[in-house]
Amino acid sequence: MTILNLVFIVFLGILFFIAYFHISNYILDTYGNKTLKRYNFENSIRVIVFITPAFIVLFIFILYPVFETIRLSFYDKFGREFVGLYNYKWAINDPEFRRSILNNLVWLLVVPTLSTFFGLVIANLADRIWWGSIAKSIIFMPMAISFVGAGVIWKFIYEYRGPENTQIGLLNAVIVSLGYEPQAWLTIPMWNNFFLMAIMIWIQTGLALVIFSAALRSVPKEMLEAARIDGASELKIFFSIIIPYLEQTILVIWTLITIIVLRIFDIIFAMTNGEWQTGVLANLMYDWMFRGGGDSGRGSVLAIVIMIGVIPILAWNLYKHRQEQKI
Amino acid sequence: MKKFSISSILSQLLLLFFVIIWIIPTFGLFISSLRDKDLLAISGWWTSLTTTEVNEIYRMSGMESQIEEDGYFKIKGKLFEDNSGKKIESFGITSKKINEFNIGDVAIFKDESEVLLDEDGNYEWRSKTEFKKKKGKRLFTTSLSPPAFTFENYREVLFKEGIGRAFINTMAVALPSTLIPLIICSFFAYSLTWMKFYGRDTLLAIIIASLVVPLQMSLIPILTIYNDFGALFGVAAKSYPGVWMAHTGFGLASTTFLLRNFLKSLPNEMMEAAKVDGASHYDIFLRIIIPLSIPAFASIFILQFLWCWNDLLVGLVFLDQVPSEIILTAKLKELLGSRGENWEILTTGAFVSMTVPLFIFFALQRYFIRGLVAGSVKG
């Protein structure tokens with residue numbers, strides 16, 4: 001496809017949706033009021049015109065797939081024959097699956113916690129320092145970069161050369177200058193997971209930081225002043241006033257990062273491709289979508305395991321929404 | 001209050017420490033992308049402002065360029081390109097002893113020909129007998145190279161490695177994948193907020209539930225639909241419109257949710273007044289909602305655009321990995337595999353892929369942050 005063709009279909013694609021809404025509403029505006037006497041009837045058609053595209057997309061890309069994935073998890077690799085719990089039994093006995101679950105759990109434990117913690121500490125520090133907003137900008141910047149881009153950045157940091165060569169990776173250069181042997185960091189089982197997690201923490205701290213910065217403004221200044229006059233140390237203020245005050249926000253950020261981490265795929269795919277025992281569920285699933293011509297049964301089971309991780313959050317969101325509707 | 005208390009200095013230092021840790025990786029990548037690729041391969045980027053010792057192998061010219069002078073057959077030439085700035089420290093004529101001779105020494109080959117080398121890399125190779133080989137002999141040099149920065153890597157990556165085309169492809173994926181959901185979700189959010197119809201609350205609950213559904217749940221069924229669709233109509237299963245719709249689907253819930261939260265905050269009286277004046281819902285939407293929603297649109301546009309630009313999984317599953325369709329992140333991942341040692345290509349490629357996000361980040365940070373904060377408040 002030439003670039004000109006590409007520009008043309010991009011233009012056409014966007015125009016199609018604008019045209020749909022404009023033409024259908026134009027028809028309704030021009031002829032609706034004359035022929036359809038009752039306002040309610042016109043209104044119903046308008047609702048249909050407004051929600052149909054979004055609803056079709058929602059149905060095809062979210063609603064139907066959720067049920068189809070559940071169905072496929074009970075079928076064979078081609079999705080044709082019912083095999084009962086076979087795929088689930090396979091998963092439980094598969095060492096790769098167990099390894100991925102374990103890795104995912106470690107990720108879920110470490111990344112949201114540390115990102116939230118760093119975000120809170122940095123937001124609090126930056127709030128009181130005149131060059132704080134520049135600092136926040138810098139720490140927030142990785143949020144804009146793709147996971148693969150971040151992967152390249154950090155792979156360069158972790159780069160390994162044999163001990164006889166000059167190290168061009170920063171980490172090994174530091175290690176060598178301290179008198180230790182250089183290491184191929186990404187190939188050391190178990191520890192390599194933490195080197196991958198560092199990348200995610202580097203990215204997500206920015207997210208926590210901006211949300212905390214916004215939330216910190218709601219902490220009453222008088223309360224902080226009063227505490228300072230009473231001689232409370234900054235550390236004491238942080239733990240006794242700020243953390244309790246931001247409890248809700250901490251929970252929100254922690255959940256937000258948990259959801260992102262649960263489906264983490266790009267970083268591991270780009271850095272190690274799941275080798276050296278770094279695989280997580282999303283990578284294993286991608287693998288099974290194509291391995292040996294693809295196995296939709298096993299892939300679906302893995303997707304469902306990821307889904308199970310978000311169900312508590314989903315239920316909590318719906319509960320909160322219901323509470324709000326009542327008010 | 002004391003302005004320069006110990007605790008204030010400590011917090012400044014701590015923050016500085018965080019800032020340095022956070023900026024160094026990106027900074028290193030940026031510097032590396034501008035360095036000469038030979039230097040990049042042998043020295044750390046933090047040494048890029050100092051001179052670097054480089055070991056190289058050069059081959060002298062062959063018999064065609066010989067001249068007769070003072071009873072010798074001579075071949076003259078230079079090893080380095082003009083203005084390379086390199087200074088030779090020592091050289092050798094065999095790979096075993098690459099530092100055998102210093103500048104000014106006369107090195108004698110087995111065939112009794114001699115070579116003289118000056119520190120700028122100009123050599124004079126002479127022999128009593130005529131040179132008979134087409135290829136000249138090798139010289140092993142150890143030289144000091146001054147800092148060298150270049151845009152050569154960018155030229156190479158953009159035009160030879162296919163990153164330039166991947167950049168255009170990514171734009172062709174990200175723009176419609178951002179605008180289409182914005183268009184259809186703004187109507188959707190409007191009807192969920194300002195129109196009354198049966199099933200509205202259920203629909204809203206579905207949107208809220210869909211917010212956290214991982215996109216992995218959709219991959220297999222949608223890939224199947226695309227394959228069936230492609231086979232049925234005899235078109236390619238993987239295509240740009242397919243990716244747009246996939247991104248639209250995955251971004252639909254969050255876009256609708258954010259827009260609805262914004263629309264809800266608009267005063268009801270305004271809509272009522274317009275309705276009394278005989279405006280239709282479409283009039284209200286065009287004349288009132290859109291102008292008021294520009295800031296909200298900007299935030300959502302940025303969030304969704306960055307998401308699509310930075311995405312790897314969707315582009316990997318729903319596009320063919322061929323030059324006319326591959327996106328930047330997939331291309332980078334491919335280069336990580338095939339050119340893992342060519343850091344000049346990887347660092348430059350990564351930086352090219354980051355230009356658009358970084359531009360958005362620095363130019364429109366306010367909207368970006370506003371969108372993130374709005375999206376997170378409800379979780």
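Let me begin with a definition: a residue is called buried here if 20 or more other C-beta atoms lie within 10 Å of its own, with the C-beta atoms placed from the backbone. Please keep in mind throughout that what you see above is a predicted model.

With that definition in hand, I turn to helix H7 of chain B, which is mostly covered, since 21 of its 25 residues are buried. This helix runs over residues 240-264 of chain B, and at 1.5 Å a residue its 25 residues should span 36 Å, which agrees with the 34 Å that separate its end C-alpha atoms.

Now to the contacts between the chains, where 88 residues of chain B are in contact with 90 residues of chain A. On the side of chain B that touches chain A, the element that gives the most is helix H1 of chain B, residues 6-33, with 14 residues. As for the composition of that side of chain B, the residues divide into 61 nonpolar, 25 polar and 2 charged.

Finally, a word on how each chain is divided. In chain A, domain 1 covers 14-72 and domain 2 covers 95-326, and the centres of these two domains of chain A, taken over C-alpha atoms, are separated by 39 Å. In chain B, domain 1 covers 52-149 and domain 2 covers 154-377, and here the centres of the two domains, again taken over C-alpha atoms, are separated by 59 Å.

Terms used:
Residues numbered from 1 in each chain as written. Chains lettered and ligands numbered in written order. Predicted model: local features only at pLDDT ≥ 70, side-chain atom pairs only at ≥ 80, totals over all residues. Domains from an automatic or database assignment. Helix = DSSP H or I, 4+ residues; strand = E, 2+ residues; numbered from the N terminus. Expected span 1.5 Å × (residues − 1). Buried ≥ 20, exposed ≤ 12 C-beta atoms within 10 Å, placed from the backbone. Contact = placed C-beta atoms within 7 Å. Nonpolar A, V, L, I, M, F, W, Y, C, P; charged D, E, K, R; others polar.
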